[in-house]
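Reader: I am new to this structure and would like to know what stands behind the words used for it. Please show it first.

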Amino acid sequence: MSTVKADNFTWKTGQATGQSGTNVTGDQIVYGVSKSWGYFSVSGSTITVSSSFNTSSMTYNQTGDFTTNYTTAMSSAYYAVSGFARISGNGGIFAANDNTPFTTTTFRFGSLNNSIAWANPIHATYTVKDRKSTRLNSS
């Protein structure tokens, strides 16, 4: 495996419209990249993961309550998660489960309907940003 070491990167002229000469730091690349993400749907108690990165599996805990398991662990349990959940017939809310803290290998979250009741999403997405670089293997 090759290693590239650099403090700054610049778009090559003509490679991206309006980007010529725009500098991007190594930190922006390393810390700005999602360390895990996924797109899934739920039918009954069956989760179907349509697309993901660094996700080894997902667990259905109960209605609207799920656990994502990482292929490669995060550097610590202090990372950011954001997501979207679409509930049938109305909007949806993506929420962390306040009874279960994040770990380096999993995070537990839920989806709620507009009445703030747990509900299975038609589809949902999530992305995870870790504060440190970790070598990842795609799933």
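Reader: In which strand is the place of T59?

Author: T59 belongs to strand β5; a strand here is a DSSP run of E with at least two residues, numbered from the N terminus. This is a predicted model, in which local features need pLDDT of at least 70 and side-chain atom pairs count only at pLDDT 80 or more, while totals for chains, interfaces and linings use all residues. Residues are numbered from 1 along each chain as its sequence is written, and side-chain values use heavy atoms, with hydrogens and water left out.

Reader: Why does T59 count as partly exposed?

Author: Buried means under 20% relative accessible area and exposed over 50%, with partly exposed in between (1.4 Å probe, protein chains only). T59 has 33% relative accessibility, so T59 counts as partly exposed.

Reader: What does T59 touch, not counting residues up to four places away in sequence?

Author: Contact means heavy atoms within 4.5 Å. On that basis T59 touches I47, D65, F66, T67 and N69. The C-alpha atoms of T59 and R108 are separated by 9.0 Å, and these residues are 49 apart along the chain.

Reader: What is the order of the strands in the open sheet that holds β5?

Author: The order is β5-β6-β9-β8, with antiparallel pairing. Two strands pair if DSSP finds at least two bridges between them. Four bridges join β8 to β9 (residues 106–112), so by that definition the two are paired. One of the bridges has I93 with L112 of β9 as its partner.

Reader: Why do β5 and β8 stand at the edges?

Author: β5 (55–62) and β8 (93–96) each have a single partner strand, so one side of each is left without a neighbour in the sheet.

Reader: What makes the pair of Y79 and F102 stacked?

Author: Rings of Phe, Tyr and Trp (its six-membered ring) pair if their centres lie within 6.5 Å; planes under 30 degrees apart count as stacked, over 60 as edge-to-face and the rest as tilted. The structure holds 12 aromatic pairs. For Y79 and F102 the centres are 5.0 Å apart and the planes are at 10°, so the pair is stacked. Y79 lies in strand β7 and F102 in the loop between β8 and β9, so the pair ties together parts that are 23 residues apart in sequence.

Reader: What kind of aromatic pair do F102 and F107 form?

Author: Their ring centres are 5.8 Å apart with 70° between the planes, and the pair is edge-to-face. F107 is buried, with a relative accessible area of 1%, and F102 is partly exposed at 22% relative accessibility. Both belong to one aromatic cluster, whose members include Y79, F94 and F109.

Reader: Is S76 buried or exposed?

Author: S76 has 11% relative accessibility and therefore counts as buried. S76 is found in the loop between β6 (65–70) and β7 (79–86). Not counting residues up to four places away in sequence, S76 touches T104, D130 and R131.
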